[in-house]
Amino acid sequence: VLYERGEGVPQDLAAALKWYRIAATQGDAPSQERAQFLMTQLKAADVNAAMDEAAAFVPKPTVIYANQAARS
């Protein structure tokens, strides 16, 4: 949403599409809707690049103890 609106970051609709697609693949319906809309707003090359980046995304493993110090 921040990339789409340009809030706190430069507006970048291709980056927004990438992150919406990543969320959509995890079942987030609103992200799927936004991705579909943005695909109509971007050039085909930008859509293809964003879709390729989303498909290549691999989340880093969860670090179970990462936030424990803050909870102590």
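Which residues is L13 in contact with, leaving aside its neighbours within four places in sequence? The points below answer this and then turn to the rest of the structure.

1. Basis of the note. This is a predicted model, in which local features need pLDDT of at least 70, side-chain atom pairs count only at pLDDT 80 or more, and totals for chains, interfaces and linings use all residues. Residues are numbered from 1 along each chain as its sequence is written, and side-chain values use heavy atoms, with hydrogens and water left out.

2. L13 and its contacts. Leaving aside neighbours within four places in sequence, L13 is in contact with Y3, E4, L38 and L42; contact means heavy atoms within 4.5 Å. L13 is found in helix α2, where helices (H or I, at least four residues) and strands (E, at least two) are DSSP runs, numbered from the N terminus. L13 counts as partly exposed because its relative accessibility is 25%. On the scale used here, buried means under 20% relative accessible area, exposed means over 50%, and partly exposed lies in between (1.4 Å probe, protein chains only). L13 and L38 are 25 residues apart along the chain, and their C-alpha atoms are separated by 7.0 Å.

3. Helix α2. The 13 residues of α2 should span 18 Å at 1.5 Å a residue, and the end C-alpha atoms are 18 Å apart, which agrees. The expected span of a helix is 1.5 Å times one less than its number of residues. The buried residues of α2 are A15, A16, L17, K18, Y20, R21, I22 and A24. Their cover includes α1, α3 and α4.

4. A14 is found in helix α2 and is partly exposed, with a relative accessible area of 22%. Not counting residues up to four places away in sequence, A14 touches L42, D46 and A50. By C-alpha atoms, A14 and V63 are 29 Å apart in space and 49 residues apart in sequence.

5. The nonpolar core. Eight residues make up the largest nonpolar core: A16, L17, Y20, A35, L38, L42, V47 and A50. Helices α2 (13-25), α3 (29-41) and α4 (44-56) each supply at least two residues of this core. The largest share, three residues, comes from α2. A nonpolar core is a set of buried Ala, Val, Leu, Ile, Met, Phe, Trp, Tyr and Cys residues joined through side-chain atoms within 4.5 Å. One of the core residues, L42, touches L13, A14, L17 and V47, not counting residues up to four places away in sequence.

6. How many salt bridges does the structure hold? It holds two, a salt bridge being a side-chain nitrogen of Lys or Arg within 4 Å of a carboxyl oxygen of Asp or Glu. In one of them, the side chains of E4 and R34 meet at 2.3 Å, N to O. Because E4 lies in helix α1 and R34 in helix α3, the pair ties together parts that are 30 residues apart in sequence. E4 is buried, with a relative accessible area of 13%, whereas R34 is partly exposed, with 31%.

7. The salt bridge of K18 and E53. The side chains of K18 and E53 meet in a salt bridge at 3.9 Å, N to O. This pair links distant parts of the chain, with K18 in helix α2 and E53 in helix α4, 35 residues apart. K18 is buried, with a relative accessible area of 18%, while E53 counts as partly exposed at 44% relative accessibility.

8. The surface. P10 is found in the loop between α1 and α2 and is exposed, with a relative accessible area of 66%. The C-alpha atoms of P10 and L38 are separated by 16 Å, and the two residues are 28 apart along the chain. Y3 has its place in helix α1 (residues 2-5) and counts as partly exposed at 33% relative accessibility.
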